[in-house]
Amino acid sequence: MRRDGDQVLFLNELRHQPQTALSLRIPLIRKDVPAVMAVTGVRGLVAGRDYRGVEVLSVLSGIPGTPWCMVTKINTSETMAERRARSLLIAGLLLGLAAAVMTALGLVWQRRAKMQYQAAFRAEAERRQAEARYRTTLMSIGDGVIVSNNQGRVTLLNPVAEALTGWLEADARGRSLEEVFVIVNESTRQPVENPVGRVLREGIVVGLANHTI
């Protein structure tokens, strides 16, 4: 196009409007049209509205040695569509990456949790086996055995202790040791101090006094 008085005259046929060569004119007062900008000396990348009134991005340049100018343009919507497509692609890639990272973290966590559960299961199995061996030993020996907690409450009686005390283990469990393990002086038949209290207080081995039954 070139300037023709107070108008812009287009040289060539246009893509969206037929029979425009040397006939289409746009008044210079339409300063938002890239063709008007070009003939008034503007060069480079500009934004505006073309002869259709559509928003476009244009590159304006002059043709050396002539009064003609050239406008190369693309619809802004086309440019934004490409940008949107790229943005969607990038967003999709980021979401995919985030999903992959979360999946990997989930697998690592699941593997760790599985290992912890397995370790806990093994520890519990070993504890139960040790407890079973301990109980079997206590139940099998020929001496009377009474086990209490640190509050002096009975937790276990072996069969010999049951025979000596007259208490069944199920009935004695949870009761005070003094109630189950009753000791007296063989001569006076008076109650004898139970040594378990001293054991709990001092943490030492205490034997029964002489003549205790």
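Leu97 is placed in helix H2, which covers residues 76–140; helices (H or I, at least four residues) and strands (E, at least two) are DSSP runs numbered from the N terminus. The model is a predicted one, in which local features need pLDDT of at least 70 and side-chain atom pairs count only at pLDDT 80 or more, while totals for chains, interfaces and linings use all residues. Residues are numbered from 1 along each chain as its sequence is written, and side-chain values use heavy atoms, with hydrogens and water left out.

With a relative accessible area of 53%, Leu97 is exposed, where buried means under 20% relative accessible area, exposed over 50% and partly exposed in between (1.4 Å probe, protein chains only). Together with Val101, Met102 and Leu105, Leu97 forms a nonpolar surface patch of about 410 Å² accessible area. Arg133 is also in helix H2 and counts as exposed at 53% relative accessibility; its C-alpha lies 92 Å from that of Gly44, although Arg133 and Gly44 are 89 residues apart in sequence.

Side chains of opposite charge can pair when their charged atoms come close. A search of the whole structure finds 11 salt bridges, each being a side-chain nitrogen of Lys or Arg within 4 Å of a carboxyl oxygen of Asp or Glu. Three of them are listed here.

| Salt bridge | N to O distance |
|---|---|
| Arg128 and Glu124 | 3.0 Å |
| Glu169 and Arg135 | 2.8 Å |
| Glu202 and Arg198 | 3.3 Å |

Because Glu169 lies in helix H4 (residues 169–172) and Arg135 in helix H2, their pair ties together parts that are 34 residues apart in sequence; Glu169 is buried, at 8% relative accessible area, whereas Arg135 is partly exposed at 33%. Glu202 and Arg198 are 4 residues apart in helix H6 (residues 196–202), about one helical turn, and Arg198 is partly exposed, with a relative accessible area of 37%. Salt bridges with shared partners join Glu124, Arg127, Arg128 and Glu131 into one network. Within helix H2, Arg128 and Glu124 are likewise 4 residues apart, about one turn of the helix, with Arg128 exposed at 54% and Glu124 partly exposed at 29%.

The lining of the largest pocket has 22 residues, of which Asn12, Leu14, Tyr51, Val71 and Lys73 lie nearest the centre. Helix H1 (34–39) and strand S6 (69–75) are the elements that give two or more residues to this lining, and S6 gives the most, with 7 residues.

How values were computed: Patch = residues over 30% accessible without salt bridge, like charges linked within 9 Å, V, L, I, M, F, W, Y side chains within 5 Å. Areas by Shrake-Rupley, 256 points an atom, 1.4 Å probe, with all protein chains shown as cover. 1 Å grid on protein atoms, 1.4 Å probe; cavity = no way out; pocket = protein on both sides within 12 Å on 5 of 7 lines; lining within 4 Å.
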